[in-house]
Amino acid sequence: MTYQETLKEIRGKLRRFMNGVVSESMRRNGIHYKLNFGVALPQIREIAKEYTPDKKLAEILWKEEVRELKILGILLYPPAEFTLETARQWVAEIPYPEIAGQMSLYLLSQVPYAETAAVEWTGKPKSEFDTLTGFLLFSRLCTQGKRLSEESVDHLLQMARQTLDSGTFRTQQVALNALKRYGRQNKEQAQKVLNLLSDYVVSGDPVKTEIYNDLKFEFDYSL
């Protein structure tokens, strides 16, 4: 079967799971693809399991302006062949936060340069999606049990604090989540996060106080 025949076959499978209500809801929320089947993520992952990971196929899928095909491109790209140069290109082409999440979860977290990339994208972001992807990747690495280098930890804490102070709502949310995942690894790291934001408690800003209390509750509950 040629790649174009495979692409046609995949499109047919997606049509069987098409959900117009979900697709329309996404459009109302500002998510506009050339085509969006509205297929749920678990169903997309099930379709991916039917195919052998293949770099060329993944690249063809990624180039399509179709939500589900982009996600399948992420799922079917062999991590061992996903170079940092390609990763930079793909991150620059991310259209929506959902894609950043899927890429961080299923592809970027599997590559050997993941920590380096997370530092790069949070430290010198070229777009909001760089920042989103970087913090999402930090979160995933910590969830996987990865012990970040001392330099990466210092960077994560600095960039997270900076983002919580002045970032957009979306970047603040992923930065906060990265701090949670890092702090949940052990009590020492949790305390380091709380010390980072200790001044939030006396800031007089209800949003900052809520952020600190959210983190403290998270660590008290999980550790």
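Student: Which residues in H10 meet Lys 192, Val 193 and Leu 196 in H12?
Tutor: This is a predicted model, where local features need pLDDT of at least 70, side-chain atom pairs count only at pLDDT 80 or more, and totals for chains, interfaces and linings use all residues. Residues are numbered from 1 along each chain as its sequence is written, and side-chain values use heavy atoms, leaving out hydrogens and water. Contact means heavy atoms within 4.5 Å. On the H10 side, the residues that meet H12 are Val 153, Leu 157 and Arg 161.

Student: At what angle do H10 and H12 pack?
Tutor: Helices are DSSP runs of H or I, at least four residues, numbered from the N terminus. Axes are lines fitted to C-alpha atoms over the stretch in contact, and angles run from 0 to 180 degrees between N-to-C directions. For H10 (residues 150-166) and H12 (residues 187-196), the axes are 11 Å apart and the angle is about 35°.

Student: Are the planes of Tyr 33 and Tyr 96 stacked or edge-to-face?
Tutor: Rings of Phe, Tyr and Trp (its six-membered ring) pair if their centres lie within 6.5 Å; planes under 30 degrees apart count as stacked, over 60 as edge-to-face and the rest as tilted. Here the centres are 5.1 Å apart and the planes are at 65°, so the pair is edge-to-face.

Student: Are Phe 217 and Tyr 221 buried or exposed?
Tutor: Both lie in helix H13 (residues 206-222), four residues apart. Buried means under 20% relative accessible area, exposed over 50%, and partly exposed in between (1.4 Å probe, protein chains only). Phe 217 and Tyr 221 are both exposed.

Note on methods:
Helices (H or I, at least four residues) and strands (E, at least two) are DSSP runs, numbered from the N terminus.
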